[in-house]
Every structure is written in C-alpha cells, then in structure tokens.
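Me: I would like to learn how to read a model of this kind, feature by feature. Could you take me through it, giving the general idea each time and then the case at hand?

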Amino acid sequence: RIYRCSDVYEECEFVAGECRKLILQDGVRLKNIGVVTSQPDKYEKYLAQSFERFSLPLYVDRKDDLLDK
C-alpha cells in the first residue's frame, strides 16, 4: 500500500498509529516492528513526538561512518 501525507508530522502520526494498530489488533510484538527512513535527522523529532503520543517506545539506531569523525 502507498499512502500520501501532507507533511512529515502527518507521516509520523500515521506510522505511529499503524504500529499501535499492529500491536493491539494484530498481536504483532513490538520487537518485530521497524521503521526505516533515509533521512533520520528529518524524522527523528517527529517520530519521537508521535510515538510518545501513541504511548509507544522508540529506539533509534544509527550507523555512523568512523571516517566522518
């Protein structure tokens, strides 16, 4: 399925809502859900707010290039 959202905030709200639905209605375990983005800096703040609003924990894992340090 493809969904169109008007902005990053709406997109993150939708994702958090879908994750909550997977957990509560479909019995999917939280550890089996992943959200992937190519722009983590753009999404992290909004995902954190949305996941908190839906009472979901959020763990952010980033890969850092050691050559950039």
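This is a predicted model: local features need pLDDT of at least 70, side-chain atom pairs count only at pLDDT 80 or more; totals for chains, interfaces and linings use all residues.

Me: How many Å does H2 reach from its first C-alpha to its last?

Reply: The expected span of a helix is 1.5 Å times one less than its number of residues. H2, residues 40–53, has 14 residues and reaches 19 Å, close to the 20 Å expected; H1, with 17 residues, reaches 24 Å, close to the expected 24 Å. Beyond H2 comes Ser 55, whose phi is positive, near 55°.

Me: Which residues of H2 are buried, and which helix do they pack against?

Reply: Buried means under 20% relative accessible area, exposed over 50%, and partly exposed in between (1.4 Å probe, protein chains only), whereas contact means heavy atoms within 4.5 Å. In H2, Tyr 43, Leu 47, Ser 50 and Phe 51 are buried, and they pack against helix H1 (8–24). The buried residues of H1 are Val 8, Cys 12, Glu 13, Ala 16, Gly 17 and Cys 19, and what covers them includes H2. Over the chain of 69 residues, 16% count as buried.

Me: Where does the largest share of the lining of the largest pocket come from?

Reply: Rolling a probe the size of a water molecule over the atoms shows where empty space is left. On a 1 Å grid over the protein atoms alone, a pocket is an open set of points where a 1.4 Å probe fits, with protein on both sides within 12 Å along at least five of seven lines, and lining residues have an atom within 4 Å of a point. The largest pocket has a volume of about 490 Å³. Of its 18 lining residues, Val 35, Leu 58, Tyr 59, Val 60 and Asp 61 are the closest to its centre. The largest share of the lining, five residues, comes from H2.

Note on methods. Residues are numbered from 1 along each chain as its sequence is written. Side-chain values use heavy atoms; hydrogens and water are left out. Helices (H or I, at least four residues) and strands (E, at least two) are DSSP runs, numbered from the N terminus. Grid points are joined across faces, edges and corners, and a volume is the space filled by probe spheres set on the points.
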